[in-house]
Amino acid sequence: MAPLKAKAAVLWQSPSLWLLGSNLLTRGLSFVVTLLIARTVGVAALGMYSSTLISAASLTTPISQAMANSATLMAARETGGVSSWRKVLAANAWVLGACALLAVAGPWFLYARTDTQNAFGVMPAMGYTVVAALALGQLLSQFMLGLAHGTHLSRQSAWVVTAVMLIGLLSCWPVIQIWGLTGALVQAALVMAAPGLLLWLHARRQSAATSPAEARAGYQDAWARFSHALPSIGSTFINNGTNWLCCIYWVLQHHGHTGVGLVAIGLQWAAIMQLPVNSWGGRIVHALGTAAEQGPAALKKETALQVRRCVGVTVLMGLGVSALSPWIADLYQADRHMLIALILINGLATVVSSVNYVFERVFFCLDSQRVWLAASMFTYAIQLVFTAFAIPHSLLAVAWGNLLAVSLIMVIVFLHLRWRWRPTATVGPAHS
C-alpha cells in the first residue's frame, strides 16, 4: 500500500503530468465544441467558427509565445515565487501594451478578409468583439502561464486551466443549443481569457509593488528580451500568415466554408497529435535555457534529449489518431476519403514539427535567431507557391504544402546546428 501511495504522491507532484492533463482538457473542449457545431449546424458552420479563431490567433500567437518565453526566463531569475510576478509584470508593462494593440489590429485585419462577418447569424460587431477578446485573452493567458513556469508553479497554473476547461465542457452544450454559433464564439473568448485573468488577479493580491529603480531596470531587461526575440516573432508571423493564406483565404476562395471546415478538423487532430509536446513548452524552454548557460556541449545534449522525447510521443499520438481516422470522419459527418487523407498527411507533418518545436526554442535560448528567420522565409515562400498552384485542384494541397515546408526547415536548421556544434567549434555560443 505504501508504494502505491508514494507513486500517487509523485504523480500528484508532477508538473508535466498536470500540464498534459490541462492541455488534454483544452483539446477536449475544442473537440467537443467543434463536434457539436459540425453535427448540429454543419461542417460549413464549423468552417466559419474556425476562420474566426484562426484569424484571431494567426497574428497573436507569435507575440504571445515570445512574451511567454520572456516571462519564463525573467521569472526564473527571481526567488520570490508569486510575490515576484508583479515585478516581472511591471517590467513588461510597456511591451505588453504595445503587443496588445498589435494583437487587436492584426486579427481584425485578417477577420475582415474572411468574408464571414454576416454568415450563420453572427453579427459583424459581435465577430469583431470576439476576435479582439480572443487575441487579448491569449496574450494575457500565455504571459501569466509563462510566469508560472519560470517560478516552478506549473502544476498550480495547470489547476487553474483545468478548472476553466471543466466549466467550459459542462456549459458548451447548453450554450450552443441556446445561442448557436454566436454563443460558441463568445464562450471561446471567455475560456481563452479566463486563466490569464485569474492568475493576474492572484498576482495582484500576492505581489509587492516594485521600486522606481527596479522598474527602470526591469523595463530595460524586458525590452532587450523582446528585441532579442524579434527574429523568432518574425518567423512565426511568416508561418502563421502563410497558414492563414493556405488554410483560410485560398480555401475559402476555391472550396468554400465546407473546405475550411475539413481543413480545420484535420488541423485540430494534428494539434492533438502534438498535445504532449505543446504541454511541455515552458519546461522545454527552461531546460534548454539552463543548458545554454553551461555551454554548447550541454545545450547539444539537452537538445538531442528533448528531440527524442518529443518525436517519440508525437509518433505514438500520430499512429493512434491515424488508426481512428475513418471513425473520426464519420463522427463529424464529413467527407471520409478527404478527411482521412488530411489526417494522415498531417500526422507526418506533426512528427517533423515536433523536431522544429525544439529547434526553435534552441534558437531562442541562443543569442542568434537570424538563421531561423531566413530559413522560415525561404521554406514558407515555397509553401505559398506550391499551395497557390495546387489548391484549385485539390484540398489536399494545404496538407502537402505544410509537410513540404516543415520538412525543409528541419533539414536546414539541423545542418546549421550540426555545423555550429561541430567538435572544432570554439567554446561558448556562436553568433550568426
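This is a predicted model: local features need pLDDT of at least 70, side-chain atom pairs count only at pLDDT 80 or more; totals for chains, interfaces and linings use all residues.
User: Is Met 126 buried, partly exposed or exposed, and which helix does Met 126 lie in?
Analyst: Met 126 has a relative accessible area of 31%. Buried would require under 20% and exposed over 50%, so Met 126 counts as partly exposed. As for its place in the chain, Met 126 belongs to residues 124-150, which make up helix H7.

User: How many helices and how many strands does the secondary structure of the chain come to?
Analyst: The chain has 432 residues, and buried residues make up 53% of them. Its secondary structure holds zero strands, while the helices come to 16.

User: What part of the accessible surface of the chain belongs to carbon and sulfur atoms?
Analyst: The accessible surface of the chain comes to about 19,000 Å². Of that surface, the part belonging to carbon and sulfur atoms is 69%.

User: Which residue forms a salt bridge with Arg 225, and where do both residues lie?
Analyst: Side chains of opposite charge can pair when their charged atoms come close. For Arg 225, the partner is Asp 221, with the closest N and O atoms 3.2 Å apart. Both residues are buried, and they are four residues apart, about one turn of the helix, within residues 212-273, that is, helix H9.

User: Are Arg 336 and Asp 330 buried, partly exposed or exposed?
Analyst: Arg 336 and Asp 330 form a salt bridge whose closest N and O atoms are 3.4 Å apart. The relative accessibility of Arg 336 is 38%, and Asp 330 has a relative accessible area of 41%. Because values between 20% and 50% fall in the middle class, Arg 336 and Asp 330 both count as partly exposed.

User: Are Arg 361 and Glu 360 buried or exposed?
Analyst: Arg 361 forms a salt bridge with Glu 360, and their closest N and O atoms are 3.9 Å apart. The relative accessibility is 7% for Arg 361, whereas Glu 360 has a relative accessible area of 17%. Since buried means under 20%, Arg 361 and Glu 360 both count as buried.

Note on methods:
Residues are numbered from 1 along each chain as its sequence is written. Side-chain values use heavy atoms; hydrogens and water are left out. Helices (H or I, at least four residues) and strands (E, at least two) are DSSP runs, numbered from the N terminus. Buried means under 20% relative accessible area, exposed over 50%, partly exposed in between (1.4 Å probe, protein chains only). Accessible areas come from the Shrake-Rupley method with a 1.4 Å probe; for residues, only the protein chains shown count as cover. A salt bridge is a side-chain nitrogen of Lys or Arg within 4 Å of a carboxyl oxygen of Asp or Glu.
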